[in-house]
Amino acid sequence: MSLSNKPIPLALEAVVSGRSWLLYTFDFTTADGEFSSYFYALSDEHAAHILEEMKATARNPGRLDSWCAA
């Protein structure tokens, strides 16, 4: 199986230092179409703040498969 066929499982909740981080989704549009991605936040308000921070500071460090062990 190639890396491109391996799923990346995402927990709906991650407990970190006793705090529950919940999985949120966001949608975005580019010239290539509509896409979605995910991030974790503590609440709806926290998610809104994180999304604003992401919009202001996003960058592209490279392909995900280059970070994964074969």
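This is a predicted model: local features need pLDDT of at least 70, side-chain atom pairs count only at pLDDT 80 or more; totals for chains, interfaces and linings use all residues.
Trainee: In what pattern do they follow one another along the sequence?

Mentor: Reading along the chain, you get β-β-β-α.

Trainee: On to side chains. How many aromatic pairs does a search of the whole structure find?

Mentor: Rings pair if their centres lie within 6.5 Å, and planes under 30 degrees apart count as stacked. The search turns up four pairs. One to look at is Tyr-24 with Phe-39, a stacked pair with 6.0 Å centre to centre and 20° between the planes.

Trainee: Which parts of the chain does that pair tie together?

Mentor: Tyr-24 sits in strand 2 (residues 19–30) and Phe-39 in strand 3 (residues 33–41), so the pair ties together parts that are 15 residues apart in sequence. Ring pairs also link Tyr-24, Phe-26, Phe-28, Phe-35 and Phe-39 into a cluster.

Trainee: Are Tyr-24 and Phe-39 buried or exposed?

Mentor: Buried means under 20% relative accessible area. Tyr-24 comes in at 17%, so Tyr-24 is buried. Phe-39 counts as buried too, at 10%.

Trainee: How much of the chain is buried overall?

Mentor: Buried residues make up 9% of the 70 residues. The chain's accessible surface comes to about 6,000 Å², and 57% of that belongs to carbon and sulfur atoms.

Trainee: Where should I look for a nonpolar patch on that surface?

Mentor: Find Ile-8, Leu-10, Tyr-38 and Leu-64, which together make a nonpolar surface patch of about 420 Å². Ile-8 lies in the segment before strand 1 (13–16). Exposed means over 50% relative accessible area, and Ile-8, at 57%, counts as exposed.

Trainee: Last one: what share of the contacts joins residues 24 or more positions apart?

Mentor: A contact is a pair of residues with heavy atoms within 4.5 Å. Take the contacts with a separation of 6 or more: residues 24 or more positions apart account for 17% of them.

Terms used: Residues are numbered from 1 along each chain as its sequence is written. Side-chain values use heavy atoms; hydrogens and water are left out. Patches are made of residues with over 30% relative accessible area and no salt bridge: like charges are joined within 9 Å, nonpolar side chains (Val, Leu, Ile, Met, Phe, Trp, Tyr) within 5 Å. Accessible areas come from the Shrake-Rupley method with a 1.4 Å probe; for residues, only the protein chains shown count as cover. A salt bridge is a side-chain nitrogen of Lys or Arg within 4 Å of a carboxyl oxygen of Asp or Glu. Helices (H or I, at least four residues) and strands (E, at least two) are DSSP runs, numbered from the N terminus. Buried means under 20% relative accessible area, exposed over 50%, partly exposed in between (1.4 Å probe, protein chains only). Rings of Phe, Tyr and Trp (its six-membered ring) pair if their centres lie within 6.5 Å; planes under 30 degrees apart count as stacked, over 60 as edge-to-face and the rest as tilted.
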